[in-house]
Amino acid sequence: MNIVIIPAFFQTKKNPTFGSFFTDQAKALQKSGHYVSILYCDTYSVKCIRDYVEYEEETVSEDEGVRILRKRIFCPLKHGMEGYRTQFAKIIGQLYDQYLADEKVDIIHAHCCVWAGYAAMKLSERTRIPYIVTEHATLFQLHRDKIGHKNNIWIREVFGRAARLICVSRAFAKLLSEYRTDIDIVGNVVDCDRFELVEPVQKSDTVRFLTVCYMVDEAMLYKKGIDILLRAWRDLSAKNPNVRLTIGGGGQGVSKVVEWCREYGIEQTVELTGKLSRDQVASQMRGCDVFVLPSRYETFGVVYIEAMACGKPVIAVANGGPDDFVTEENGILIPAGDPEKLEQAFECILQNLEKYDATLIRKFVADRFGAQAIAEQLERIYQDVQVHKS
């Protein structure tokens with residue numbers, strides 16, 4: 001099949017890990033024998049004028065056989081949800097006309113309704129190519145009250161006219177059931193070649209916990225539960241001298257994390273790595289003993305399955321996403337926003353660390369979220385769409 005993928009956000013040279021699961025899914029489809037192109041519109045508002053001027057992305061590039069077509073656009077009125085819907089769709093249409101119009105495209109796959117799904121709908125209107133939408137956005141968990149009536153009309157139309165709607169977890173599908181009830185569940189893909197199981201060179205008495213997230217601002221720190229993490233860590237590390245916490249990720253929120261560490265007196269047991277490449281993230285995951293991220297909201301949580309692909313048990317929050325794949329055999333689920341429950345989970349992991357089977361943890365993830373597994377699930381959906389189209 002000839003597949004066009006439209007993501008709502010995408011990697012850049014400055015931030016190569018942003019939206020990496022879109023690229024991983026495209027590569028999985030490519031490896032399964034399909035021809036895959038990614039169309040993306042880089043939008044910039046007035047406050048991002050410097051980034052717009054210093055733009056370095058190529059219009060046409062390739063990543064392991066996946067063709068990437070992108071173009072920037074200056075949106076002086078870009079703000080909130082409404083500001084760049086039509087501009088995003090316009091650029092996607094231009095890229096299609098310039099590079100793909102002479103090809104026989106079988107399906108358009110948009111990631112996130114706002115506004116990749118809208119662009120896919122508009123492109124489908126004039127090309128008659130069916131489109132599907134995979135929804136990932138925590139918008140529907142966090143900012144439902146900010147969608148507004150006008151935007152909700154467009155969202156409902158995009159979901160309603162899609163040949164299929166996919167969600168990344170069962171809880172998220174339930175959340176979107178007001179828009180549509182016939183929803184497929186397909187998780188994100190994990191790159192099992194990069195996130196691999198490696199036996200430790202030598203045993204250590206120190207137990208290393210790891211968290212990785214974007215820390216763009218304090219709102220993101222709240223969403224990812226970093227405040228809860230550090231409060232629980234304060235109490236844990238006071239009682240357990242042989243534990244260490246590594247926090248990977250960059251952004252303006254790092255300064256707040258440093259402030260919290262000083263306030264709690266935990267600077268000696270917490271390491272901040274700063275911004276990490278994907279290979280560096282994988283290296284950190286291979287080197288840790290346990291991955292922890294107490295996010296208040298996750299529609300899926302790809303970092304958990306990346307850590308699990310490295311054979312690591314995880315501590316996650318029962319917030320909708322991780323509920324589908326975190327079990328007693330591979331980790332612990334805790335309530336959201338509860339530092340006491342997180343500390344208890346830390347203690348439980350420390351007491352039972354040897355009981356977790358790294359090989360079985362990896363196999364569980366590879367069988368469900370490996371490239372071949374996810375590609376096969378999507379192929380069945382694509383084929384069904386083609387059958388009903390004809």
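This is a predicted model: local features need pLDDT of at least 70, side-chain atom pairs count only at pLDDT 80 or more; totals for chains, interfaces and linings use all residues.
Residues are numbered from 1 along each chain as its sequence is written, and side-chain values use heavy atoms, with hydrogens and water left out.

**Strands side by side**

Let's start with strand β9, residues 207–212. Helices (H or I, at least four residues) and strands (E, at least two) are DSSP runs, numbered from the N terminus. Of the 6 residues in β9, 5 are buried, where buried means under 20% relative accessible area, exposed means over 50%, and partly exposed is in between (1.4 Å probe, protein chains only).

Which strands does β9 pair with? Two strands pair if DSSP finds at least two bridges between them. One partner is β10 (residues 243–248), parallel to β9 over 6 bridges, with Val-212 standing opposite Gly-248. Another is β12 (residues 290–292), also parallel, joined to β9 by 2 bridges; here Leu-210 has Phe-291 as its bridge partner.

Phe-291 also has a bridge partner in β13, namely Val-314, and β12 and β13 pair in the parallel sense over 2 bridges. In a regular strand, side chains alternate between the two faces of the sheet. In β13 (residues 314–317), Val-314 and Ala-316 sit on one side, Ile-315 and Val-317 on the other, and all are buried.

**The second largest pocket**

This pocket has a volume of about 750 Å³. Its lining has 25 residues, and the closest to its centre are Pro-200, Lys-203, Cys-288, Asp-289 and Lys-312. β9 turns up again here: along with α11 (278–287) and α14 (358–369), it gives two or more residues to the lining.

What counts as a pocket? On a 1 Å grid over the protein atoms alone, a pocket is an open set of points where a 1.4 Å probe fits, with protein on both sides within 12 Å along at least five of seven lines; lining residues have an atom within 4 Å of a point. The volume is the space filled by probe spheres set on the points.

**Salt bridges**

How many salt bridges are there? The count comes to 31, taking a salt bridge as a side-chain nitrogen of Lys or Arg within 4 Å of a carboxyl oxygen of Asp or Glu. Here are some of them:

| Pair | Closest N to O |
|---|---|
| Asp-24 and Arg-278 | 2.9 Å |
| Lys-363 and Asp-367 | 2.6 Å |

Asp-24 in helix α1 (residues 20–31) and Arg-278 in α11 are 254 residues apart, and both are buried.

Lys-239 lies in helix α9 (residues 226–239) and Glu-347 in helix α13 (residues 339–352), so this pair ties together parts that are 108 residues apart in sequence. Lys-239 counts as exposed because its relative accessibility is 52%.

Lys-363 and Asp-367 are 4 residues apart in helix α14, so about one helical turn separates them. Lys-363 is partly exposed at 48% relative accessibility, and Asp-367 is partly exposed too, at 47%. Elsewhere, salt bridges with shared partners join Lys-14, Arg-50, Asp-51 and Glu-54 into one network.

**One more helix**

Helix α15 (residues 371–389) has 19 residues and reaches 27 Å from its first C-alpha to its last, close to the expected 27 Å; that expected span is 1.5 Å times one less than the number of residues. Its buried residues include Ala-373, Leu-378, Tyr-382 and Val-385.
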